[in-house]
Amino acid sequence: MRPLTDDETKTMFEKLSKYIGENIKHLVDRPDGTYCFRLHNDRVYYISETILKLATNISRDKLVSVGTCFGKFTKTIKFRLHITALDFLAPYAKFKVWVKPGQEQSFLYGNHVLKSGLGRITENTNQYQGVVVYSMADVPLGFGVAAKSTQECRRVDPLSIVVFHQADIGEFIRSEDTLT
Amino acid sequence: MAACSIEDLLAKAEQDEAEKLKSITVQKELDLEFDIGNLVAYDKNRIDIRQFREQKKEDFLRSLARDNTQLLVNEIWKHPTERVEEVIVVKLPEPTTPLPREKPPPKPRPPTKWEEFAKLKGIQKKKKTNLVWDDVAKNELHRLRNIARAQKIKVPGVGLTPTAQQSKTDLARAVNVAKSSTASAGKFQDRLPKEKAPRNTGKKRKFQPVIGNFSNEKQRQLDLLKVLDSKKPRLDVNKAVNKQMREDDREESAAKFKKGGKKGRKGGNFSGKGKGGGGKGKGKGRAGGKGQGPPSGKKGAGKPGKR
């Protein structure tokens, strides 16, 4: 386990800012305790200071996971955000997409969101902007990337993709083995 | 009387002893061969055929078996015993009878790719000789040390002290050292056409400690965030374009609404769709049409057909 280097921090923050914009500083600087990012086995974990101090007592090969896994760095040092980060991203999300109840299940199975399933979308969403996907009852379902800007979404036909699926809470069951 | 009884007693005792011994002593012409490791006894005595025929065969065989077993057990008891959990146990020696194979012998495995290649090329396994001190090198080393001492500098360590036979690694190291001994540490040195860039040379990476100064870390991350923010362009082109488009649409719809109001007051909810929407406005346009009811004059002709 080690802290992130500057380059790695920069890559990660760039990815996070796609979804939560400048609210990252609320993750870094919290009023209710010191939380930090640590790297272990290519995965980035967001842990409180107390847990971190306890975790240093476990040997590297036996340590599976600490705190919350935000994502991992791939072999080519790109940062990939995992669904386990949803709890921290959802409250700070800048651009949100609401999915109709009919299409909810389809999204939870890993499919993209079509125009016919789109309930609401935040105004001013750019194309390829990172978005957090909610159900109509304001339950965060996962995240994605807007395939079309809000304007285009209005004009497009019902079967075209409006949000590319990136991660959904169905993954907790589908990829149980690989999530840490 | 008493004397008689004592003698009698003694005689009886002797008889008893003899009887006991009889039960455990067996007379044989030839001694048996024993393989106690396998609990085996080999009896090479001839069998008296007449005796065999006279007696009942079962009885003869049983007595023979009993005798041999007795001898075997006697032999077993000769070995050292020990007590294991209230049971007396004899430590058996190694078996002497060679037993045949339990499983079939292993088949010769097919030669590996390397073995085939080596056979093809005629490569033999070369044993690396143990390192022997090289007299030539010794002289060179001493010479360099003398020079170093005279000029008060250190002896160059890395592969530069010459030896008679330089191995591949030594030569490679020498090349690397020579290459990086330039003013810019070998950064602009050309490589030979097929030479690969060395990837593993370099110092070991150093990371911050796991539990360092938290406030420092926080400060550094916040600074990094500030830098990232400043790098983002002030004018987001996409956003600006979208905003502009929205404004235009709104203006058009407002204009249409006014016109519609003058004519027939059937203006339903026009949601930002002007002629500028072009062929893409099918969905929302139709919704607008529903709200309107029967289309009015010119407007009506425009709606379902052209769009």
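How many residues does α1(A) have, and how far does α1(A) reach from its first C-alpha to its last? Please go on from there to its surroundings.

Reply: A word on the source first: this is a predicted model.

Start with the helix itself. α1(A) has 15 residues. From its first C-alpha to its last, the helix reaches 20 Å. That is close to the 21 Å expected at 1.5 Å a residue.

Now look at its buried residues. They are Glu8(A), Thr9(A), Met12(A), Phe13(A), Leu16(A), Ser17(A), Tyr19(A) and Ile20(A). Around the axis they cover an arc of only 160 degrees, so they sit on the same side of α1(A). Just after the helix comes Gly21(A), with a positive phi of about 60 degrees.

Next, the sheet. Five strands of chain A form an open sheet in the order β1-β2-β3-β4-β5, with antiparallel pairing. Its edge strands are β1 (2-3) and β5 (79-81) of chain A, and each pairs on one side only. Helix α1 (residues 6-20) of chain A packs on this sheet. The helix touches β1, β2, β3, β4 (68-73) and β5 of chain A. Its direction makes about 35 degrees with that of β5(A).

Take one pair of strands within the sheet. Strand β2 of chain A covers residues 35-40, and strand β3 of chain A covers residues 43-48. The two pair in the antiparallel sense over 6 bridges. Leu39(A) has Val44(A) in β3(A) as its bridge partner.

Then follow the loop between β4 and β5 of chain A, where Ile77(A) lies. Its phi is near 55 degrees, a positive value in a residue other than glycine. Most residues other than glycine have a negative phi. Ile77(A) counts as exposed, because its relative accessibility is 52% and the cut-off for exposed is over 50%.

Glu86(B) is in the loop between β3 (81-84) and β4 (87-90) of chain B. Its phi is positive, about 65 degrees, although Glu86(B) is not a glycine. Glu86(B) is exposed, with a relative accessible area of 73%.

Helix α7 of chain B runs over residues 214-231 and has 18 residues. It reaches 26 Å from its first C-alpha to its last, close to the 26 Å expected at 1.5 Å a residue. Phe214(B), Glu217(B), Gln221(B), Leu224(B), Leu225(B) and Leu228(B) are buried in α7(B). They lie on the same side of α7(B), because their arc around the axis is only 100 degrees. Lys226(B) and Ser230(B) are exposed on the other side of α7(B). What covers the buried residues of α7(B)? The cover includes α1, α2 (24-28), β2 and α3 (49-55) of chain A.

Chain A has 7 helices and 11 strands. Of its 180 residues, 49% count as buried. Take contacts in chain A between residues at least 6 apart in sequence: 60% of them join residues at least 24 apart. Chain A exposes about 8,600 Å², and carbon and sulfur atoms supply 51% of that.

Conventions. Residues numbered from 1 in each chain as written. Chains lettered and ligands numbered in written order. Predicted model: local features only at pLDDT ≥ 70, side-chain atom pairs only at ≥ 80, totals over all residues. Heavy atoms only, no water. Pairing = 2+ DSSP bridges. Helix = DSSP H or I, 4+ residues; strand = E, 2+ residues; numbered from the N terminus. Contact = heavy atoms within 4.5 Å. Axes fitted to C-alpha atoms, helices over the stretch in contact; angles between N-to-C directions. Buried < 20%, exposed > 50% of the residue type's maximum accessible area, 1.4 Å probe, protein only. Areas by Shrake-Rupley, 256 points an atom, 1.4 Å probe, with all protein chains shown as cover. Expected span 1.5 Å × (residues − 1). Arc of directions from axis to C-beta.
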